[in-house]
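Here's a quick briefing to read with the model open beside you. Grab a viewer and follow along.

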Amino acid sequence: MVGERSHSPAENVSAVIPSYRRHREVRRAVERALNQSWAPLEVIVVNDGADVAKGRMLTAVDERIRFFEAPRRRSASATRNYGIRRARGEWVALLDDDDVWLPDKLERQFEALSQAGGGPAILAGVERVHHARGGVALRPERVPQGRSSVNHVLFSGGGGIHTSTIVAPTAAFREHPFNEAAERHEGLEWLLRTGQDLDLVVTPVVVCERWVRPGDGLSRPGGFE
């Protein structure tokens, strides 16, 4: 019908960002998520503990931002799970607070899903990694065509999948929550468990950028000041 607005699948996506301390970085991540060519339904930022200043800063940016303070756990998995439980979209897209999405990230991923036949799946993409000592790498280096198994992608020598590129049905995240006892590699463990039920579709282009800094991590940000 003339004048009818078309809808993108991303309008059913909840972006979930766990955060701790980082203020400038998380605002940058949020703004990149909001300004997608296929914009998400909402951006959920879950802080690991209290941070009133961050909440005020972010909720003033856009009405699609929902800010929560999770009980302090020092666990990225617990913080992510807290946000996923509050997601209103049919899909959840993960993003770390110091990573950034490229402007057409969600659009490219859902187009790849459509080309692979549609339906439920784990979506991922290529990340561009900027190393602390210089140099840039792409991960994974090799992307299979269409639908593939998680095991094939993770163990074929291509370099793995980064959490900030993952999109999956909200129901899958709730059935397979992140392991809150894991101190590292929780994303890998989640992929292996959830991949028993769902295929993996990896978009063969860069959809996310990551900067690796010495001694940095989700709960060791080095200070936003």
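Helices (H or I, at least four residues) and strands (E, at least two) are DSSP runs, numbered from the N terminus. By that scheme, R21 sits in the loop between β1 and α1. This is a predicted model, so to speak of local features pLDDT has to be at least 70, side-chain atom pairs count only at pLDDT 80 or more, and totals for chains, interfaces and linings use all residues. Residues are numbered from 1 along each chain as its sequence is written, and side-chain values use heavy atoms, with hydrogens and water left out.

**The parallel strands**

- Strands count as paired if DSSP finds at least two bridges between them.
- β1 and β2 run parallel and are joined by six bridges, with P18 standing opposite V46 in β2.
- From β1 the chain crosses through α1 to β2, and this β-α-β crossover is right-handed; that is, with the strands pointing away from the viewer, the path from the first strand over the helix to the second runs clockwise.
- On to the next pair: β2 (residues 42–48) and β3 are also parallel, again with six bridges.
- V43 has I65 as its bridge partner in β3, while V46 has F68.
- Together, β2, helix α2 (residues 52–59) and β3 form a right-handed β-α-β unit.

**What's covered**

- Buried here means under 20% relative accessible area, exposed means over 50%, and partly exposed is in between (1.4 Å probe, protein chains only).
- How many of the residues of β2 are buried? Seven of its seven are.
- Both faces of β2 are covered, with E42, I44, V46 and D48 buried on one side and V43, V45 and N47 buried on the other.
- Strand β3 (residues 65–70) is largely enclosed by the rest of the structure, because five of its six residues are buried.

**The largest nonpolar core**

- A nonpolar core is a set of buried Ala, Val, Leu, Ile, Met, Phe, Trp, Tyr and Cys residues joined through side-chain atoms within 4.5 Å.
- The largest one has 29 residues, and I17, V30, V43, V45, W101 and L123 touch the most other members.
- At least two residues of this core come from each of β1 (13–19), α1 (24–34), β2, β3, β4 (91–94), α4 and β10.
- Which element gives the most to this core? That's α1, with five residues.
- As background, nonpolar side chains tend to be buried together in soluble globular proteins.

**The second largest pocket**

- On a 1 Å grid over the protein atoms alone, a pocket is an open set of points with protein on both sides within 12 Å along at least five of seven lines, and lining residues have an atom within 4 Å of a point.
- The second largest pocket has a volume of about 200 Å³, where grid points are joined across faces, edges and corners and the volume is the space filled by probe spheres set on the points.
- It has 14 lining residues, and A112, Q115, V202, T203 and P204 are the closest to its centre.
- By class, the lining has eight nonpolar, four polar and two charged residues. Here Ala, Val, Leu, Ile, Met, Phe, Trp, Tyr, Cys and Pro count as nonpolar, Asp, Glu, Lys and Arg as charged, and the others, Gly among them, as polar.

- Most residues other than glycine have a negative phi, and most peptide bonds are trans.
- R21 has a positive phi of about 70° although it is not a glycine.
- The R139 to P140 peptide bond is cis, with omega near -5°, and P140 is in the loop between β7 (136–139) and β8 (147–148).
- Strand β6 (residues 122–130) pairs with β7 in the antiparallel sense over four bridges, and E127 stands opposite R139 in β7.
- The hairpin of β6 and β7 has five residues between the strands, and G134 there takes a positive phi near 100°.

**A few charged residues**

- R21 counts as partly exposed because its relative accessibility is 41%.
- K54, in helix α2, counts as buried because its relative accessibility is 0%.
- K54 and R21 are 33 residues apart in sequence and 8.3 Å apart in space, C-alpha to C-alpha.
- E31 lies in helix α1 and is partly exposed, with a relative accessible area of 31%.

Methods: On a 1 Å grid over the protein atoms alone, a cavity is a set of points where a 1.4 Å probe fits but cannot get out, and a pocket is an open set with protein on both sides within 12 Å along at least five of seven lines; lining residues have an atom within 4 Å of a point.
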